[in-house]
Amino acid sequence: MKQAYDVVIVGSGVAGIAAANTLAGHGLEILVIDENPQAGGQILRQHCRVTDGFWEFDPRLERSGRTVSTQKIVQSLRPVPRPKGITCVHQARVLGIFPDRQLLVHVPDPLCPGSSVSGCMMEIDAGYLLLATGARERFLPFKGWTLPGVMSLGAAQILMKSSGILPARHTLIAGTSPLQTVLALEILKNKGNVTAILDENHFAKKLGLLPLLKHHGFLAGEGAMQMLSLMIRKVRFRQGVRVTEARGKNEVTAVVTADLDRKGNKIPGTSQIYSASALAVGHGFSPNIELPVQAGCALDYDADRGGWVVRVDHALETSVVKVYAAGEITGIAGAGKSFVEGKLAALSILEKLGKKTGPDRYAQKLVRMQKQQRGYASFLNQLCQVPASAYEAIDDDVLICRCEEISMGEIRKQIAKGFVTTGSLKKATRCGMGRCQGRICQPVLFDILLALTGQTPDQTGSPSFRAPVKNVPMAAFLHP
């Protein structure tokens, strides 16, 4: 690794790969950093197992100028020799971004001078910085959600994609996420069984998709085909149902549910108990904004885009000069938008460097595709949203911050004392200050604050982060 690069890309998911490929071949030194053992992010995790090469998307992917589905993204990926000028570093974590785009990076042992099992720290200067850090899942906590066997939808996917392990022989799937049907198909493909899919949304709410069929018919058709495939395989669907408790002594053995009315409130006397050895649950996604916030990038709040998102201009440049953002951190919208924005951000950087190569109409086509992707995703994000009443109803003994063991009762107590902003409540309770640094509980805490105080997002305040944004062994700082 060098100490300076023309462009540094943080994240090698769909947006990162699309950007790197667009930047390649222009005489630039490009560094791609990712904390995972291989590139691809969540969507392409199973397909990016080449360790010494790189990947590119079939150029025909954007020629249609229409919305791009996740399935097409996956099918169009192909391995290629690593382009000249591109350096990839995996299992490396960016811990902080300082003035003039200086990055503090924790790199793995093989890249450290000498030997160190804890890795070591490096400072890297970026001429231009592109942040493509992706998203995380959102959750609605319930009693027993910390039991072994209860996991996110994404975690269940990772088990199968990375390790070839089923969550369990029989898995119950719940929540509000469109990922539910995708996960169910993957479980069946890997010869597992899906006990049932419990969707909190009623069918009537999904009818809001109809006006979007004019421009996104094939995406809706893709979802319909997934549903049909599951129905043919006799997977049980229930709609308007929420998980209220996971039971078990050392692991989950049963799941309790309740029916919901049209406003998302539990209907008394409708409890049902499911036998389950695994529960996969999720409520949509939230952008990974730690590094943009730490770098000083301005945020906007938009519930239809996943909550707090990085503010960017038409060129995808953030409020910090020469720092760009692409993919889910500018708004949750899936792989298609990430692909388009990765390309757009790279084209913007090339133009700033005086290396513009294509006609304006190409970039204009990408912008149209970006808008189309956003329109469809807005509806899906609305489906994922949980009503405030659901957060108000969380029992006092339910843990919200697993790392610091902070309960809902403690959070209620501190809010009643007047700690009603994100920052003050975090300091009063230590919620989000544990080992995972709020990766799971930080979006939950924000939603609880909105629900219990009735404040606006701006009154509640955006989250703040300091370097190091992730845990790192102290020994890594001491290594020469």
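**The hairpin**

I started with strand S19 (residues 299–302) and strand S20 (residues 307–310), which run antiparallel and are joined by four bridges. This is a predicted model, so I read everything here as a prediction. I then checked Asp 302 and found its bridge partner in S20 to be Gly 307. S19 and S20 make a hairpin with four residues between them, and Gly 306 in the turn has a positive phi of about 105 degrees.

**The open sheet**

Next I traced an open sheet of five strands, which pair in parallel in the order S10-S17-S11-S12-S13. Strand S10 (150–152) and strand S13 (237–239) are the edge strands, each pairing on one side only. On average, neighbouring strands of this sheet are turned by 20 degrees against each other, direction ignored. I looked at one pair in detail: strand S12 (residues 193–199) runs parallel to S13, with three bridges joining them. Asp 199 has Gln 239 as its bridge partner in S13.

I also looked for helices on the sheet. Helix H3 (residues 153–163) packs on it, touching S10, strand S11 (170–175) and strand S17 (279–282), and its direction makes about 90 degrees with that of S10. Helix H4 (residues 179–189) packs on the sheet too, touching S11, S12, S13 and S17, with its direction at about 175 degrees to that of S12.

**Two single residues**

Is Ser 76 buried or exposed? I found Ser 76 in helix H2 (residues 70–76), and it counts as buried because its relative accessible area is 9%, under the 20% cut-off.

Ile 232, in helix H6 (residues 213–232), is exposed at 61% relative accessibility. Ile 232 forms a nonpolar surface patch with Met 225 and Leu 228, with about 320 Å² of accessible area together.

Notes: Residues numbered from 1 in each chain as written. Predicted model: local features only at pLDDT ≥ 70, side-chain atom pairs only at ≥ 80, totals over all residues. Heavy atoms only, no water. Helix = DSSP H or I, 4+ residues; strand = E, 2+ residues; numbered from the N terminus. Buried < 20%, exposed > 50% of the residue type's maximum accessible area, 1.4 Å probe, protein only. Patch = residues over 30% accessible without salt bridge, like charges linked within 9 Å, V, L, I, M, F, W, Y side chains within 5 Å. Areas by Shrake-Rupley, 256 points an atom, 1.4 Å probe, with all protein chains shown as cover. Salt bridge = Lys/Arg side-chain N within 4 Å of Asp/Glu carboxyl O. Pairing = 2+ DSSP bridges. Axes fitted to C-alpha atoms, helices over the stretch in contact; angles between N-to-C directions. Contact = heavy atoms within 4.5 Å.
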